[in-house]
Amino acid sequence: MPDWKLEVRTRIADLKLPAEVKEEVIAELAGHLEDIEQNPDCGQEVSAALEAVTWPFVASAIQKAKSEEGSMNSRTRTLWLPAMVNLTLYTILLYIGAFCFDERVWTPRLSPASHTPLPLFHPWLVTLPFCGAIGALLAKRSEAPLGSRMIAGLAPSLVWLAVFAIMTAVFVCAPSYFRGFPMRDVARAAFGWILIPALLLLLGSVPFLRTVRVQD
Amino acid sequence: MTKRIRSKIARGSGEIAILSLLAEQPLYGFEIAKQIGERTRGSLQFTLASLYPLLYEMEKRGWVEGHWQTNRAGRDRRYYSLTPAGRRQLAPLRKEWQSFFQALDALAGVSHA
């Protein structure tokens, strides 16, 4: 019986991977050739299988697939990175707006005595569908499932939802921190910071939530 | 059809074929190729050159994971099993391919061909 490991090793000598990984690949490919040889009913001749392979192409494809470079964790690629880009863009646009416009009318704030302006009229809101679209698009391009695309699109509002959830918990557990802040103002600010932006982010995300695609 | 589109379709069909098989049981490379060939009556065939780069890519994406195990013949083989992420990927992929074939059928009547 030929030494299949040697046959494979000779053919993919140029494969640049850590020695341990390379040996594992060689053992696996050699095992495949051995199985072809041991199973004549599989419809393949081992010599033909060996010759039919364009080894430099296989080595290159395996190197690309196995390489650590660019092998970003799947969740990072499909969820965290698009969500962070969305959140960063959202924040930058908010600060640009605060710089260009009067901050008092631009920035929704939590203040007592119902001085909390709803961000409903802020020009910043107009930019939110764009932020949502960027998040969902990046997630879609990295082949994220529907849920991840939606989370990436709605990321800023989800962050604010978490912030308000913590605030509400503190409000309930230690109301002294919020002395002078009626609960309705918190709810009002939540409406302005979470619900309205979420709807606009979702509006931008919608085109990227449902598509028919053929996998790359 | 351009080579690029062909390649995308082949790759996509390979992914769903492998995920579907591994959803049933862990298999090693040769068995994956053999079962795909048998079940599709030869319509889909994987060679060593097409199978392993795709398996490694799917492993990198976190859809499958490989582990060495001794097979029935007493040889060490690298078995692949589906990860929870791969399992989650399967349903939307099936839906996408269903939509794809429905669209193609509406356009070209391929199911009656």
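## Before we start

This is a predicted model, in which local features need pLDDT of at least 70 and side-chain atom pairs count only at pLDDT 80 or more, while totals for chains, interfaces and linings use all residues. Residues are numbered from 1 along each chain as its sequence is written, chains are lettered from A and ligands numbered from 1 in the order in which they are written, and side-chain values use heavy atoms, with hydrogens and water left out.

Helices (H or I, at least four residues) and strands (E, at least two) are DSSP runs, numbered from the N terminus.

## Where chain A meets chain B

Let's begin with helix α2 (residues 19-38) of chain A, which packs with helix α2 (residues 29-39) of chain B at an angle of about 50 degrees, their axes 9 Å apart. Axes here are lines fitted to C-alpha atoms, for helices over the stretch in contact, and angles run from 0 to 180 degrees between N-to-C directions. So α2(A) is oblique to α2(B); under 35 degrees counts as roughly parallel, over 145 as roughly antiparallel, 65 to 115 as roughly perpendicular, and the rest as oblique.

On the α2(A) side, A:His32, A:Asp35 and A:Ile36 meet B:Gly29, B:Phe30 and B:Ala33 of α2(B) (contact means heavy atoms within 4.5 Å).

## Helix α7 and its two partners in chain A

Helix α7 (residues 128-141) of chain A and helix α8 (residues 146-173) of chain A have axes that come within 7 Å and cross at roughly 150 degrees. The two, α7(A) and α8(A), are therefore roughly antiparallel to each other. From α7(A), the contact takes in A:Gly132, A:Gly135, A:Ala136, A:Ala139 and A:Lys140, and from α8(A), A:Ser148, A:Arg149, A:Ala152 and A:Gly153.

α7(A) also meets helix α9 (residues 183-205) of chain A: their axes come within 6 Å and cross at roughly 55 degrees. That makes α7(A) oblique to α9(A). Among the residues meeting here are A:Leu128 and A:Pro129 from α7(A), and A:Leu200 and A:Leu201 from α9(A).

## A hairpin in chain B

Over in chain B, strand β2 (residues 64-70) and strand β3 (residues 76-82) pair in the antiparallel sense over seven bridges (strands pair if DSSP finds at least two bridges between them).

β2(B) and β3(B) form a hairpin with five residues between them, and B:Gly74 in the turn has a positive phi of about 85 degrees.
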